[in-house]
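Take a look, then work through the questions.

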Amino acid sequence: MNIILLKVNKKSVFNEIAKTTSYAGAKMEDDQAYDRIFTTDEDIEMLERFWNESKNSIISSLKKLIIDEKEEEEEGVYIITLGLSGSFDNNLSESMNSSMFSFFVNNITSKWFNISYKGEAIGCAEEAALHLEDIKRKALFKKKPQRPIY
C-alpha cells in the first residue's frame, strides 16, 4: 500500500480567491461590481463555511481511500492521508496536490459567485468538479506491471 499526503493551505486558497474575485469585479462595466464581487476580510466567516463544505466534498468523494484527515489550525493547512494501491504511480501525487488546491479555489469561488456574480458560478462549479474527478482518477490509477529482467 502506498501512503500519500495531500495538503492545501487555507491562506493560499483565500488569497487566490481574493485575486480571482478582484479580477472578475474589475473587469465588469458596472461601477459597483468590484465592491460587490471582491472578497474582503469581512467576508471571511462565509468563506470559512465554504471551506468546510469543500472539505466535506473531498471527504465524501475519497472516503474509501482516506486513512486520516486533519486541519492544522495554527498553520491553516488541511491534510488528507490516502492509502492507495501498491502499484500507484507516485509521480502523480504532486499533480493531485495541485488539483486539490484548484478544487478548493474553484469550489469556494463558485459558492461566492452564486451570491455575488451568478453568471460565473456555474463555470467555477464545473471546474471544481473536474478537479475533484481528476484527484479521484489519479488516486485510482495503477502502473502497468513490469516483467522482471533476469
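**Helix crossing and salt bridges**

The axes of α3 (residues 44-62) and α4 (residues 93-116) come within 9 Å and cross at roughly 130 degrees. Axes here are lines fitted to C-alpha atoms, for helices over the stretch in contact, with angles from 0 to 180 degrees between N-to-C directions. Helices (H or I, at least four residues) and strands (E, at least two) are DSSP runs numbered from the N terminus.

This is a predicted model, so local features need pLDDT of at least 70, side-chain atom pairs count only at pLDDT 80 or more, and totals for chains, interfaces and linings use all residues. Residues are numbered from 1 along each chain as its sequence is written, and side-chain values use heavy atoms, with hydrogens and water left out.

Q: What does the angle make α3 relative to α4?
A: Under 35 degrees would count as roughly parallel, over 145 as roughly antiparallel, and 65 to 115 as roughly perpendicular, with the rest oblique. The axes cross at roughly 130 degrees. That makes α3, relative to α4, oblique.

Q: How many nonpolar residues does the contact of α3 with α4 have?
A: Contact means heavy atoms within 4.5 Å, and those making it include F50 and W51 of α3 and F103 and W112 of α4. Ala, Val, Leu, Ile, Met, Phe, Trp, Tyr, Cys and Pro count as nonpolar, Asp, Glu, Lys and Arg as charged, and the others, Gly among them, as polar. Next to three polar and three charged residues, the nonpolar count is 11.

Q: How far apart in sequence are the parts that K10 and E48 tie together?
A: The two form a salt bridge (a side-chain nitrogen of Lys or Arg within 4 Å of a carboxyl oxygen of Asp or Glu), with the closest N and O atoms 2.9 Å apart. K10 lies in helix α1 (residues 10-26) and E48 in helix α3, so the separation is 38 residues.

Q: Are E71 and K10 buried or exposed?
A: These side chains meet in a salt bridge at 3.1 Å, N to O. Buried means under 20% relative accessible area, exposed over 50%, and partly exposed in between (1.4 Å probe, protein chains only). K10 has a relative accessible area of 11%, and both E71 and K10 are buried.

Q: Which residues are linked in a network of salt bridges?
A: The structure holds nine salt bridges. K10 pairs with E48 and also with E71. The linked residues are K10, E48, K55 and E71.
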